[in-house]
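Let's take a friendly walk through a protein and its ligand. Have the viewer ready.

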Amino acid sequence: MNILLAAAEINPFAKGGGMADVTSYLCIEWAEMGHDVVAVLPSYKAIDKSAYGLVETEISFDVSMGFSKEKAVVYRGTFPNSSAKIYLIGHEEFFDEEYVYGDRNEDEDDDRRFIFFNKAIPELCKAINFKPDILNCHDYHTSFVMPILKTQYQSEPLFERTGTIFTIHNLSYQGIYDKYRVMDFTEMKHKEFEVGSWFEHEGKVNFMKTGIMYADRIITVSPTYAEEIKEPYYSEGMQDAINSRLRDITGVLNGVNYRIWDPKIDIFLSKNYNSESLEIKEQLKLEYLEESKIPSKKHHLPLISFVNRLTEQKGLDIIENKINKLLSTNKFILAVLGEGQEKYEDLIIEAKNQFPNNVILHLKYDEGEAHRLIAASDFLLMPSKFEPCGLTQMYALKYGTIPIVRSTGGLADTITNYISEKGIGNGISFPHYNRDEFEAAIRKAVDLYKSKEHIEIIRRNGMEENHSSKRCAKKYIEIFKEVLDNKD
Ligand code: ADP
């Protein structure tokens, strides 16, 4: 099968969150299964092209953007240790920032940058003569490729049988823009933007809705999230669009690329371990606490970590409410690795100032630190308000680190609450987004930690599970086949 994957984030070239991990392993797994895979990504300035062996090609073309023509240049390479191909679309100005998105919250100019990128994708296929059986677009940044193909390339033989699949990673980022600008950049007809049309939502162009309406099939990143988004609480205003496509939506649980996330081979750890050598995990914890200058008299306490974006989605408002009370019990060490909204960064700084010997703080994005901290920790905290899938809890399972989660989306699909009488369950989970349930979950963790026997059982339960990215990639292929069969 010829598979074209388009995304704004693909590891290791450009990462903002979990989407980058997923788009990356999908390409690698599909290529390993024998498919011909082409991935396309904007050529952000921050990408170190020489480090990844990405070379500039002779290919360049003009992309018509309403009143102007914009020149695209193309870089080419492969994924590390894979035959999957990666193409980067460059522009002298549009991707000239150090970060992936124009600003972290739908910058004013992101409509222009991403429409340019979307319009360049079919042109790239023509230039490299790639006939995609499948186009898999990820989140709103790439949703416009689908209507562009349907309206502007319908007579192009290269795309006559291309099936389109839209993967929703997070409905809360939708790409909402001024319709006259988008009309101009896309060069699509005025009627396409009228009230009630597939592009329009509340008087604006909505890229997320566009993806939902135009794709042949829609994948969400977990089965529970596929159910949740039918309801207004989780749908972020998209419930009508979602409910109009119910037959075409499937939840496919994300997976873990165990080539990178496995304590047995993890290159970031000073020592490797598995479920038979958990004493090494204990040593890694002690090393981490020493490096972090936590006094040795506190080393016996459980280490609870939070490795995530510091945003409301990730449960920061219930943490905010309880953090001082819980830390004042002096019953655990809290380690936070993350960056995000200023008010939540300030909250954690404040907690560190107040409880310097019980809090470890890294206000940054650091891949290696994430590996080391997850390995060193006893528990991983994810009290999310909503969580389309979440990857970190699955990484934690593999590392024998016990997830403490609010049961929503992918967290509900992967983490089961430990029942001590039966010895079943791989974590601690609480059902409602509620500060008292959160507090009770932390207290349960602290209590369980007193029993080596229980902790060992939960760890083993989690470490034995298999959430491999292979399973996820195979499920995608099954859906791709169904889409292609329907075209016959
Ligand atoms: P989301 O995509 O909503 O941010 P996910 O759990 O799906 O959440 O994926 C987050 C990814 O980003 C994981 O690979 C996680 O390890 C990584 N990550 C999040 N915060 C940091 C950080 N501060 N430093 C390093 N990696 C991080």
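## About the model

This is a predicted model, in which local features need pLDDT of at least 70 and side-chain atom pairs count only at pLDDT 80 or more, while totals for chains, interfaces and linings use all residues. Residues are numbered from 1 along each chain as its sequence is written, and side-chain values use heavy atoms, with hydrogens and water left out.

## Two domains

The protein is divided into domain 1 (2-255 + 470-487) and domain 2 (278-467), with bounds that come from an automatic or database domain assignment. Their C-alpha centres lie 33 Å apart. Across the boundary, 23 residues of domain 1 are in contact with 20 residues of domain 2, where contact means heavy atoms within 4.5 Å.

The size of an interface is often given as the accessible area lost when the parts come together. Here domain 1 and domain 2 bury about 1,600 Å² between them, 51% of it on carbon and sulfur atoms; this is the accessible area (1.4 Å probe) that the two parts lose on being put together, summed over both. In domain 1, the residues that lose the most area to domain 2 are Lys15, Tyr234 and Leu253, together 23% of what that side buries.

## The ligand and its shell

Where does the ligand sit relative to the domains? Both domain 1 and domain 2 give residues to the shell around the ligand, so it lies between them. The shell holds 18 residues, the closest being Gly18, Asp21, Arg309, Lys314 and Lys364, counted when one of their heavy atoms lies within 4 Å of the ligand. By class there are five nonpolar, six polar and seven charged residues. Asp, Glu, Lys and Arg count as charged, Ala, Val, Leu, Ile, Met, Phe, Trp, Tyr, Cys and Pro as nonpolar, and the others, Gly among them, as polar.

Some polar contacts (N or O atom pairs within 3.5 Å) can be picked out. A polar side-chain atom of Asp21 lies 2.8 Å from a ligand oxygen atom. On the backbone, a polar atom of Lys364 is 2.9 Å from a ligand nitrogen atom, and an N or O atom of Asp366 is likewise 2.9 Å from a nitrogen atom of the ligand.

## Backbone details

The peptide bond from Asn11 to Pro12 is cis, with omega near -5°. Asn129 has a positive phi of about 55° although it is not a glycine.

Conventions. Polar contact = N/O pair within 3.5 Å; in protein donor to acceptor, adjacent residues only side chain to side chain.
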